[in-house]
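Dear colleague,

Please find below the structure that I am handing over to you, together with its sequence. I should be grateful if you would read the notes that follow with the model open beside them.

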Amino acid sequence: MSSWALGAAIGALGGLGIWMIAWTWSRRQITLVERVAPYVRERNRGSRLLAATEPSAFGPIGTALRPLLSDLSRTLERLGSSESSIRTRLHEAGRTLSVEQFRLEQVAWGSGGAAVGLLAALAVAARGGSLLAALVLVVVGAAVGALGADYMLSQAAARRTERILQELPDLAELAALAVGAGESPARALERIARISSGELATEFGDVAARTRAGVSFTRALEELSARTSSVDLARFTDAIVVATERGTPLAAVLRGQASDLREAARARLMEIGGTKEIAMVAPIVFLILPITVIFALFPGLAVLRVGL
């Protein structure tokens, strides 16, 4: 790299650092709205220093870096998903991380992508490439890393939701049998969570634990329905809630739900099979058919000694 290019890179990094310091300082300044607010509405007379704040997941370091993490979270929201979407997908994926921890994970992924981009940029610069292309590689690597963490979370949530859909018909049958034997819906879900294993059994165990902690059974089921994006699971929980509140015979409702879920699973399998037709035909066309043609033509070609 020539001297002028090195000087331009150093100057650009220095200017970027000064701009980031100025931007951060401007973000921390008191705005006009904050100056006027105490005079136009009632203010809390207590000390803000003694006000309870939500503890950070990373202790004092996380508390000190909270403003920076908030700004970084807003920046990542413009690139990817919102905070509520991330919280929903974290639950659907079965991960116990908070949104703050996931944002830090995104930063780590982005740093890894930037490091890979920096290596590629150094390789480009060593071959005499332009400085702009090197900087673009670093920025693209960081963006791909941050968005890659979001994509992996979406894939994990989708896979876990699919496993829940596969387990739902069987557990609905078990719930129908338990309720038909005389148990209450809460006891039936608790028994299923105790004797079964899987993602849906874990969710039923969480419902049973919240019920034992004092939350009403219908409220726990409504929260489970709100936390998931599965339409079938939401329909199953809503049917139990409606039957419990209105006094409808629950065993018949659960048997009907189990039958509907099996039909929905069968229709989903048919739909997946319909979308895989091309993938199923590809091995026949590109593998089995050429081998069949070769076996049919090779004896004749060998006898005629044509090109062999």
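This is a predicted model: local features need pLDDT of at least 70, side-chain atom pairs count only at pLDDT 80 or more; totals for chains, interfaces and linings use all residues.

Overall fold

The protein contains 13 helices and zero strands. Its pattern along the sequence is accordingly written α-α-α-α-α-α-α-α-α-α-α-α-α. Of the 308 residues in the protein, 26% are buried. Where contacts link residues at least 6 apart in sequence, 61% of them join residues at least 24 apart.

Helix α11 and its surroundings

Helix α11 covers residues 231-246. With 16 residues at 1.5 Å a residue, α11 should span 22 Å, and this agrees with the 22 Å between its end C-alpha atoms. Just after α11, G247 adopts a positive phi of about 80°.

Which residues of α11 are buried? They are D232, L233, A234, F236, T237, A239, I240, V241 and A243. The cover over these buried residues includes α7 (131-180), α8 (185-195), α9 (199-212), α10 and α12 (250-275).

The packing of α10 on α11 can be described in more detail. Helix α10 (residues 217-227) packs against α11 at an angle of about 160°, and the two axes lie 9 Å apart. Angles over 145 degrees count as roughly antiparallel, and α10 and α11 are therefore roughly antiparallel to each other. The crossing in which α10 passes α11 is left-handed. On the α10 side, the residues that meet α11 are F217, T218, L221, E222, L224 and S225. Their partners in α11 are A234, T237, D238, I240, V241, T244 and E245. Sorted by class, this contact has six nonpolar, four polar and three charged residues.

Helices α5 and α7

Helix α5 (residues 83-92) and α7 cross at roughly 45°, with axes that come within 8 Å. These two helices are therefore oblique to each other, and their crossing is left-handed. From α5, the contact involves I86, R89, L90, H91 and E92. From α7, the contact involves D150, L153, S154, A157, R160 and T161. By class, the contact of α5 with α7 has four nonpolar, three polar and four charged residues.

Two buried alanines

A172 is located in helix α7. Is this residue buried or exposed? A172 counts as buried, because its relative accessibility is 0%. When neighbours within four places in sequence are left aside, A172 is in contact with F236, L254, A258 and L261.

A114 is placed in helix α6 (residues 99-126). Its relative accessible area is 19%, and since buried means under 20%, A114 is buried. Apart from neighbours within four places in sequence, A114 is in contact with V138, G141 and A142.

With kind regards

Methods
Residues are numbered from 1 along each chain as its sequence is written. Side-chain values use heavy atoms; hydrogens and water are left out. Axes are lines fitted to C-alpha atoms, for helices over the stretch in contact, and angles run from 0 to 180 degrees between N-to-C directions. Helices (H or I, at least four residues) and strands (E, at least two) are DSSP runs, numbered from the N terminus. Angles under 35 degrees count as roughly parallel, over 145 as roughly antiparallel, 65 to 115 as roughly perpendicular and the rest as oblique. A crossing is left-handed if the near helix is turned anticlockwise from the far one by less than a right angle, and right-handed if clockwise. Contact means heavy atoms within 4.5 Å. Ala, Val, Leu, Ile, Met, Phe, Trp, Tyr, Cys and Pro count as nonpolar, Asp, Glu, Lys and Arg as charged, and the others, Gly among them, as polar. Buried means under 20% relative accessible area, exposed over 50%, partly exposed in between (1.4 Å probe, protein chains only). The expected span of a helix is 1.5 Å times one less than its number of residues.
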